[in-house]
Amino acid sequence: MSTSASDTHYLSMDLLRFTTAGSVDDGKSTLIGRLLYDSKAIFEDQLDAIERATEQRGEEHLNLSLLTDGLRAEREQGITIDVAYRYFATPKRKFIIADTPGHIQYTRNMVTGASTANLAIILIDARKGVIEQTCRHSFIASLLRIPHLVVCVNKMDLVDFKQEVFDEIVEKYSEFASRMEIADVKFIPISALHGDNVVDKSERMPWYKGASLLYTLETVYIGSDANHVDPRFPVQTVIRPNSTEHHDFRGFAGRVAGGVFKVGDEVLALPSGFASRIKSLHSSDGDVQEVFSPMSATITLEDEIDISRGDMLVKPHNSPHISQDVEAMICWFSDKKIQPNGKYIVRHTTKEVRAVVKTIRYKVDINTLHKIEANPEIGMNDIGRIHLRTASPLFFDGYRRNRNTGSLILIDESTNATVGAGMILWPDLTETKLPSQFVEMGGL
Amino acid sequence: MSSYNLTHLAQLEHEAIFIMREVAAQFERPALLFSGGKDSIVMVRLAQKAFAPSKIPFPLVHIDTGHNFPEAIGFRDWLAKDLGARLIVRYVEDSIKAGRAVEEKGLNPSRNGLQTVTLLDSIEELKFDACLGGARRDEEKARAKERFFSHRDEFGQWDPKNQRPELWNLFNGRKNHGEHFRVFPLSNWTEMDVWQYITREKIPLPPLYFSHEREVVNRNGNWLANTPFITLLPGEKYEKRIIRFRTVGDATCTGAVESTASTLGEIIQEVASARQTERGTRADDKRSETAMEDRKKAGYF
């Protein structure tokens, strides 16, 4: 395998973003190191630098975590503080790894890495099996609706590559995963240290009939991960050249957050409700006939209607939910607990509004997945459900239907810090008028 | 590739355009930090696309160390003129004359670190609240921890241990008076992506990036070009070599590589088989294990 670029193959490569979850000892750094090394994404000078640093620390094995732990404090303390992004490519795909630390600021980092991921790798130590931490990782992957999950049972060399060990873990995990909503799970027995089933199929586990990890990463189908059904175009900014050449040009710039828009399509502007037709579409390749998620585009309309940042273009018969009341699962990142009746700034698509936390419904015990409903308090790294009331309506879809229009962040007005990440639940039928086709969507 | 899939280059491009538009929408006085290097040239192309048919709605700002390659400066002036963009240049030399920065001692003083003084002074003088930069996470290990929207306090400092989490495509650019943001739309690009994009888009580059004959001197394994900013050490002498530059910074700290790659296709081949990182030729990164982090904390690019 190589990144040979002798021709124009790169014009047909796609992109997979994945996250890796694990703790210090489960071999996560070794696995990433191997993927990077075998795909030639680690360079000689980087390797030299790591060798020097490892030697200076008096460590025996090459410490590949030094590749990603770039900050002084991380290297001093031997811990990962923050999400690190690594890149590698094979002739088929480019990969972005969000490598998230297993302990400190655990929820915050994993949620951050998971928010843009197509796939999560969950590592299980073959000797330890499914442990509490596996459950936490999987719950967050399911909550953030990462479309694909790959469970790597690592350190198979330490259990003599026995199929029984692997089968037992698969069974235990599947039983536990059935309590969550995980769409696509694959299991791979590996030894990251020795490379078994990482890049090439291992000859030491002939009983395993599936693909190697890298082959899985290269071939998992991600074409349906983005929503191409519900047209949503949050307006970022208005482009008005004010030049003689483009005297009347008034384009709405944004990134398609769902569905497809075509020239001639009838569109509806929210919140005004005015209808018009798409006159022209401009994207990075100039004038185009259609744009789809996640393309950045500029739209001009047949009619002059008042539209500005925070507004949304949709199709007349496919409207998002429009409401000032939002139910959301929230992950909290601040040492100041969520204040009941506390006021925050909500950022949702391109819109920023003030909001108040009306109710804290419950907190989730992320080790047992039980709901704590009696006086729930949501503090640093906690996850729970809240009811928000916003100062003006949001135009949203349930997070499970659309990650772009179903996600929001909360900002503390006094510090400007991002303190929470929210996944919007499609409202209960009793609370709202709901188009019938969404009945089956249910809650999160 | 089916109709609703995007290639990796297209995805990176649409992401970068989205980030640039967020900057235009969330800030009052943004600027694009422009060095004349390939990454900032790609940034300019993306900015053109993001706001077409309008002109780029912010100025290009160059912090000139006075140690640049003349080819890079010439290219910078040509590009700004060609686009009709506003180019603002501030000089490290002026900061030194004003006593705000002190030239390093020694035979070959680097002005790399001094740029921070001039940069922060310019941000204050011109009241920029967001500076777009072409830095990439794959360049260097401290940069691997950077955010797209990177907060700087009123002293221009970066606090890597206390960064705002960035989730989905929601970027929080809120700040207090006197603080600013550095924004990096190319965060997810690699050196290879940049070259592939330059090739796909047929973007013109300064000739420094292509193989040519030049007088160079070998110092600590790096080929340094013959410029007025280099003083030869005893025993050193210039020789003619066929070289090119993988990265273009100050002439005092940017080494050339021996190469015959004279077309974009050949450069891509060379990048694909390279066994050294791009910044392996940058002496400024080698001063200590955390040289980049330390400079970035102080307000460097």
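**Reading a predicted two-chain model: values and definitions**

Colleague: Why is A:Thr405 called buried?

Modeller: The relative accessible area of A:Thr405 is 0%. Buried means under 20%, exposed over 50% and partly exposed in between, with a 1.4 Å probe and protein chains only, so A:Thr405 counts as buried. This is a predicted model, in which local features need pLDDT of at least 70, side-chain atom pairs count only at pLDDT 80 or more, and totals for chains, interfaces and linings use all residues. Residues are numbered from 1 along each chain as its sequence is written, chains are lettered from A and ligands numbered from 1 in the order in which they are written, and side-chain values use heavy atoms, without hydrogens or water.

Colleague: Where is the place of A:Thr405 in chain A?

Modeller: A:Thr405 is in the loop between strand E20 (383-396) and strand E21 (407-411) of chain A. Helices (H or I, at least four residues) and strands (E, at least two) are DSSP runs, numbered from the N terminus. A:Thr405 and A:Gly258 are 147 residues apart in sequence, yet their C-alpha atoms are 8.0 Å apart in space.

Colleague: What makes B:Lys202 exposed?

Modeller: B:Lys202 has a relative accessible area of 68%, and this value is over 50%, so the residue is exposed. B:Lys202 belongs to the loop between helix H6 (191-201) and strand E7 (212-219) of chain B. From B:Lys202 to B:Leu264 there are 62 residues in sequence and 9.1 Å in space, C-alpha to C-alpha.

Colleague: Which value does phi of A:Asn341 have?

Modeller: Phi of A:Asn341 is near 65 degrees, also positive in a residue other than glycine. A:Asn341 is in the loop between strand E16 (321-332) and strand E17 (343-348) of chain A. Most residues other than glycine have a negative phi, and most peptide bonds are trans.

Colleague: Which peptide bond at A:Pro294 is cis?

Modeller: The bond that joins A:Ser293 and A:Pro294 is cis, with omega about 5 degrees. In chain B, the bond from B:Ala52 to B:Pro53 is cis, with omega near 0 degrees. B:Pro53 is in the loop between helix H2 (38-51) and strand E2 (60-64) of chain B.

Colleague: How many aromatic pairs does a search of the whole structure find?

Modeller: The search finds 22 aromatic pairs over all chains. The ring centres of A:Phe233 and A:Phe261 are 6.1 Å apart and their planes are at 75 degrees. Rings of Phe, Tyr and Trp (its six-membered ring) pair if their centres lie within 6.5 Å, and planes under 30 degrees apart count as stacked, over 60 as edge-to-face and the rest as tilted; therefore this pair is edge-to-face. The pair links distant parts of the chain, with A:Phe233 in strand E7 (residues 232-239) and A:Phe261 in strand E9 (residues 260-262) of chain A, 28 residues apart. Both A:Phe233 and A:Phe261 are buried.

Colleague: Which residue lies over the face of A:Phe261?

Modeller: A:Lys315 does, at 5.6 Å from the ring centre. A charge sits over a ring if NZ of Lys or CZ of Arg is within 6 Å of the ring centre and within 35 degrees of the ring normal. B:Arg137 lies over the face of A:Tyr85, at 4.0 Å from the ring centre.

Colleague: Which strands of chain B form an open sheet?

Modeller: Four strands form it in the order E8-E7-E9-E10, with antiparallel pairing. The edge strands, E8 (222-225) and E10 (257-258) of chain B, each pair on one side only. Two strands pair if DSSP finds at least two bridges between them; five join E7(B) to strand E9 (residues 239-244) of chain B, so these two pair. In E9(B), B:Ile242 is the bridge partner of B:Glu213.
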